[in-house]
Amino acid sequence: GRLFEGQHRLTAIVRSGCTVRMFVMRGCPPKSFITSGSGQPRSAGQILGISGKKLGNRRSAMGRLMASLRDGEPHAGVSAGRLLEFVDDFGEAIDWGLGRVTFKTRSYLVAAAAYAWPTSPAAAGEFLDQLTGAVDLPAGSPVRIVQQASAKSRTWADRRVVARRALSAIHALEQGRTSGRATVSSVSSARYSAYWASEVGK
C-alpha cells in the first residue's frame, strides 16, 4: 500500500518504542491527499514538493500561466487539483523550462518560452539565452522590448500580457527578425496554442 500521511508520526512511534492508538483510513482515493491532514487545502506547489517534484511552487506557477495562454483565460483562483492537471498537461515543457531557469529569470517568461518550445525549440532557447545573457540587447530587439515590459509588470494580468509578448518575440526570432516591436500577436499565440490544444488528452 501507499502511505499518504503520518510518516513523521510513525517514525516517532518507532523511535520511542511506545504503543500509540490512532485512527487509520484505508482505500482513500489519491486526490484526497490534496485536502487531508492540514486543516486547509494544500497548495499545488506543496503537493508537488511532497510528491518529490523539485521547485513545486515554480512548477505550478508555470503550469497555471501556460494553461492561461492555451485557454485564453486567467485561471485565477483555480483549485490545487486543477493546477496539478495543468502541470501534467505541460510536464515535459515545464521540465525543459526549469532546466533553463536562473535566479534572474522570471517564471512567467520561462513559462512562455516553455510554451513555445515544442514547436520552436531553437527560438525558445535563444529567447532565454538573450533574456539572461550579459550582453546589452539593441534598443529595437524583441527580447529587449519584453525585458522592458517585464520590468514594469506588477499584476497577474500584466504578466499574462508580457508572456504573450514573449511568444511574439520568440516567433520573431524563429523568423530571423532581430528588430521590430514585440506586440501581442494573435498569429504567434494561436500557433503555439493549436499545438497544445492537440496535445491535451493524448
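**Guided questions on a predicted model**

Guide: Let's start with D95, which forms a salt bridge with R59; their closest N and O atoms are 2.6 Å apart.

Visitor: Why is the pair D95 and R59 called a salt bridge?

Guide: The term asks for a side-chain nitrogen of Lys or Arg within 4 Å of a carboxyl oxygen of Asp or Glu. R59 and D95 have their closest N and O atoms 2.6 Å apart, so the pair meets that limit. D95 sits in helix α5 and R59 in helix α3 (residues 56–71), so the bridge ties together parts that are 36 residues apart in sequence. Helices here are DSSP runs (H or I, at least four residues; strands are E, at least two), numbered from the N terminus.

Visitor: What should I keep in mind about the model itself?

Guide: It is a predicted model, in which local features need pLDDT of at least 70 and side-chain atom pairs count only at pLDDT 80 or more, while totals for chains, interfaces and linings use all residues. Residues are numbered from 1 along each chain as its sequence is written, and side-chain values use heavy atoms, with hydrogens and water left out.

Visitor: What makes R59 buried?

Guide: Buried means under 20% relative accessible area, exposed means over 50%, and partly exposed lies in between (1.4 Å probe, protein chains only). R59 has a relative accessible area of 9%, so it counts as buried.

Visitor: How many salt bridges does the structure hold?

Guide: There are five. One of them joins E85 and R82, at 3.0 Å from N to O. Those two are three residues apart in helix α4 (residues 80–89), and therefore separated by about one helical turn. E85 is partly exposed at 35%, and R82 is also partly exposed, at 33%.

Visitor: What makes D129 and R100 a salt bridge?

Guide: Their closest N and O atoms are 2.4 Å apart. D129 belongs to helix α7 and R100 to the loop between α5 and α6, so the pair ties together parts that are 29 residues apart in sequence. D129 is partly exposed at 45%, and R100 is partly exposed at 27%. There is also a network of salt bridges that links R70, D71 and D89.

Visitor: How many aromatic pairs are there?

Guide: Five. Take W96 and W117: they are 5.5 Å centre to centre, with 15 degrees between the planes.

Visitor: What makes R64 a charge over the ring of W156?

Guide: The rule wants NZ of Lys or CZ of Arg within 6 Å of the ring centre and within 35 degrees of the ring normal. The charged end of R64 sits over the ring of W156, 3.9 Å from its centre.

Visitor: Which residues is L137 in contact with, leaving aside its neighbours within four places in sequence?

Guide: Q130, V143, R144 and Q147, where contact means heavy atoms within 4.5 Å. L137 is found in the loop between α7 and α8 (142–152), and at 13% relative accessibility it counts as buried.

Visitor: What is the phi of L55?

Guide: It is positive, about 55 degrees, although L55 is not a glycine. Most residues other than glycine have a negative phi. L55 lies in the loop between α2 and α3.

Notes. Phe/Tyr/Trp six-rings, centres within 6.5 Å; stacked < 30°, edge-to-face > 60°.
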